Amino acid sequence: MLFEAEVNDMFVFGSSILDSGNNNYLPNTTARVDYLPYGLDFELDPTGWFSNGRNIIDVLGSLLGLPSLIPVFNDPQTRGDKVIHGVNYASGGSGILNTTGSVLKFVLLNINPNGCTPMVIAWTSGLCAEPINPAVLLFNFHLRLLVDRLRLTIPGSKLVYTNAYKIIRDIIDNPTHQCSKIA
C-alpha cells in the first residue's frame, strides 16, 4: 500500500472503462468482452474487463489496501460476504443517451448543508458553520440548471432533481417537527 487511507469499501458506477465483468451476466447485450484479446495481460485470461488487464478501479482498490477485486453486481455469486468491501455496478455501453441503450431514469440529489454535518456541529459547540453553506448552495443552483438543461436535450429522459439540502436543513432548523421525531 502506497499510502494510508481509511477506505474499507468501494462502490463503483460507470461505463466500460470501469466495467470488470458485469456485461458477462447480461443476456441481451452485444457489449461483451469475454474473449481474447481482452484480458490478455490478466492472470485470469478473458474476464469481461474492457481492457487487456486490470482497470483503474482494480489499481485504486489495491492502492487503498482493499483485500480483493471489487465483485461485479450482475454475478450471481456477488452476495453475502463477497459484498463487504463494495460492489462494481459499471457496465460497458452504459450511458444516458438513447444510442447507448441505457435506462434514462435518474434521481439526482443535491449536496446537503455541509456546514451542518454532525462533525462540524460537534466542533462548533452545536452550531452550523454557516460560511460553508453558500458554496454548497451555489453548487446546488448550478446542478439544478444542468438537470433542467439535460431534461430538454435528452428526449424521453426522466431526471428527478431532489433538494436534499432543503430536506436536511428543515430537519436541523425544526427538530421538533413531526417528520424528524425519533420513535
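Reply: Here are a few labels, each set against its definition. This is a predicted model, where local features need pLDDT of at least 70, side-chain atom pairs count only at pLDDT 80 or more, and totals for chains, interfaces and linings use all residues. Residues are numbered from 1 along each chain as its sequence is written, and side-chain values use heavy atoms, with hydrogens and water left out.

Me: Why is Phe13 called exposed?

Reply: Its relative accessible area is 62%. Buried means under 20%, exposed over 50%, partly exposed in between (1.4 Å probe, protein chains only). So Phe13 counts as exposed.

Me: What makes Tyr89 partly exposed?

Reply: Tyr89 has 33% relative accessibility, so it falls in the middle class.

Me: Why is the pair of Phe13 and Tyr89 called stacked?

Reply: Rings of Phe, Tyr and Trp (its six-membered ring) pair if their centres lie within 6.5 Å; planes under 30 degrees apart count as stacked, over 60 as edge-to-face and the rest as tilted. Here the centres are 4.9 Å apart, with 5° between the planes. Therefore the pair is stacked. Phe13 and Tyr89 lie 76 residues apart in the chain.

Me: What makes the pair of Tyr35 and Tyr38 edge-to-face?

Reply: The distance is 5.5 Å centre to centre, and the planes are 85° apart. So the rings pair, and they count as edge-to-face. Tyr35 is partly exposed at 43%, and Tyr38 is partly exposed at 27%.

Me: How many aromatic pairs are there in the whole structure?

Reply: The search finds three. Phe13, Phe73 and Tyr89 form one aromatic cluster.

Key:
Helix = DSSP H or I, 4+ residues; strand = E, 2+ residues; numbered from the N terminus.
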